[in-house]
Amino acid sequence: MLPTTGSDVQEAFGRAKNLNAALKNFIKRESRSGDQVVTFAKEFRAAVGTGREIAVSAFIEKNYPKKEVYFLGVARYAFPELVESCVGRIIDKYAEAFNQTYERQEQGIAVKDAKTFCAIVREVHQMVKADIQAAELPVNGFLENALLSSVFEIDVLTEAMRELSRGS
């Protein structure tokens with residue numbers, strides 16, 4: 001994943017229109033994933049429900065980055081319009097060509113066309129950053145990771161992140 005701090009997480013969620021509703025949706029749709037998801041989301045909701053930034057900050061500090069995947073999941077519900085529009089545009093523009101650049105194997109993916117794979121990953125990253133900025137949200141590693149993890153499946157995301165880290 002791209003480098004991220006707890007401050008990035010707090011900054012992003014501080015700009016969510018309705019974090020409480022996002023957490024409710026996260027619980028409703030992701031609770032089948034296990035009790036840890038429910039516990040995490042309920043504790044996060046309790047912190048948000050205090051109305052005090054210090055409580056949210058303390059919750060994030062306590063749980064980030066060890067529960068990063070949960071925070072990324074909540075971000076998808078906290079910024080649904082951004083996720084839907086950005087991911088949709090990326091899929092429409094690149095999915096077919098991108099899927100031709102790699103193949104799945106037992107141990108992960110094998111990139112068949114590294115030049116095109118890398119070019120598309122970099123273009124997708126630029127689109128993600130531009131969409132975050134256009135939504136007037138903080139362009140930081142956390143929101144970038146949330147969108148990139150919505151675009152790429154986990155095995156492809158791992159390889160995409162390797163490529164982005166090489167270019168940094």
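Colleague: In which hand, left-handed or right-handed, does α7 pass α8 in their crossing?

Modeller: In this predicted model, α7 passes α8 in a right-handed crossing.

Colleague: What numbers would I use to describe two such helices?

Modeller: In general, a pair of packed helices is described by the angle between the axes together with the distance between them. Here helix α7 (residues 114-134) and helix α8 (residues 141-151) pack at about 125 degrees, and their axes are 10 Å apart. That angle makes α7 oblique to α8.

Colleague: Which residues make the contact of α7 and α8?

Modeller: From α7 come Val-124, His-125, Val-128, Lys-129 and Ile-132, while α8 brings Leu-143, Glu-144, Leu-147, Leu-148 and Val-151. Sorted by class, the residues of this contact are seven nonpolar, one polar and two charged.

Colleague: How do α6 and α7 pack, and at what angle?

Modeller: Helix α6 (residues 80-99) and α7 pack at an angle of about 165 degrees, with their axes 10 Å apart. Because angles over 145 degrees count as roughly antiparallel, α6 and α7 are described as roughly antiparallel to each other. Their crossing is right-handed. Among the residues in contact are Leu-82, Cys-86 and Arg-89 of α6, and Phe-117, Ile-120 and Val-121 of α7. By class, the contact of α6 with α7 has 13 nonpolar and four charged residues, with no polar ones.

Colleague: Turning to the rings, how many aromatic pairs does a search of the whole structure find?

Modeller: The search finds 18 aromatic pairs. One of them is formed by Phe-44 and Phe-59, which are stacked, with 4.8 Å from centre to centre and 15 degrees between the planes. Phe-44 belongs to helix α3 (residues 35-49) and Phe-59 to helix α4 (residues 53-63), so this pair ties together parts that are 15 residues apart in sequence.

Colleague: Are Phe-44 and Phe-59 buried or exposed?

Modeller: Phe-44 counts as buried because its relative accessibility is 0%, and Phe-59 is buried as well, with a relative accessible area of 7%.

Colleague: Why is the pair of Phe-44 and Phe-71 called edge-to-face?

Modeller: The ring centres of Phe-44 and Phe-71 are 5.6 Å apart and the planes stand at 65 degrees, so the pair is edge-to-face. This pair links distant parts of the chain, since Phe-44 lies in helix α3 and Phe-71 in helix α5 (residues 68-78), 27 residues apart. Phe-71 is buried, with a relative accessible area of 0%.

Colleague: Which residues form one aromatic cluster?

Modeller: The cluster is formed by Phe-13, Phe-26, Phe-40, Phe-44, Phe-59, Tyr-64, Tyr-70, Phe-71, Tyr-77 and Phe-142.

Conventions:
Residues numbered from 1 in each chain as written. Predicted model: local features only at pLDDT ≥ 70, side-chain atom pairs only at ≥ 80, totals over all residues. Heavy atoms only, no water. Axes fitted to C-alpha atoms, helices over the stretch in contact; angles between N-to-C directions. Helix = DSSP H or I, 4+ residues; strand = E, 2+ residues; numbered from the N terminus. Parallel < 35°, antiparallel > 145°, perpendicular 65-115°, else oblique. Left-handed = near helix turned anticlockwise from the far one by under 90°. Contact = heavy atoms within 4.5 Å. Nonpolar A, V, L, I, M, F, W, Y, C, P; charged D, E, K, R; others polar. Phe/Tyr/Trp six-rings, centres within 6.5 Å; stacked < 30°, edge-to-face > 60°. Buried < 20%, exposed > 50% of the residue type's maximum accessible area, 1.4 Å probe, protein only.
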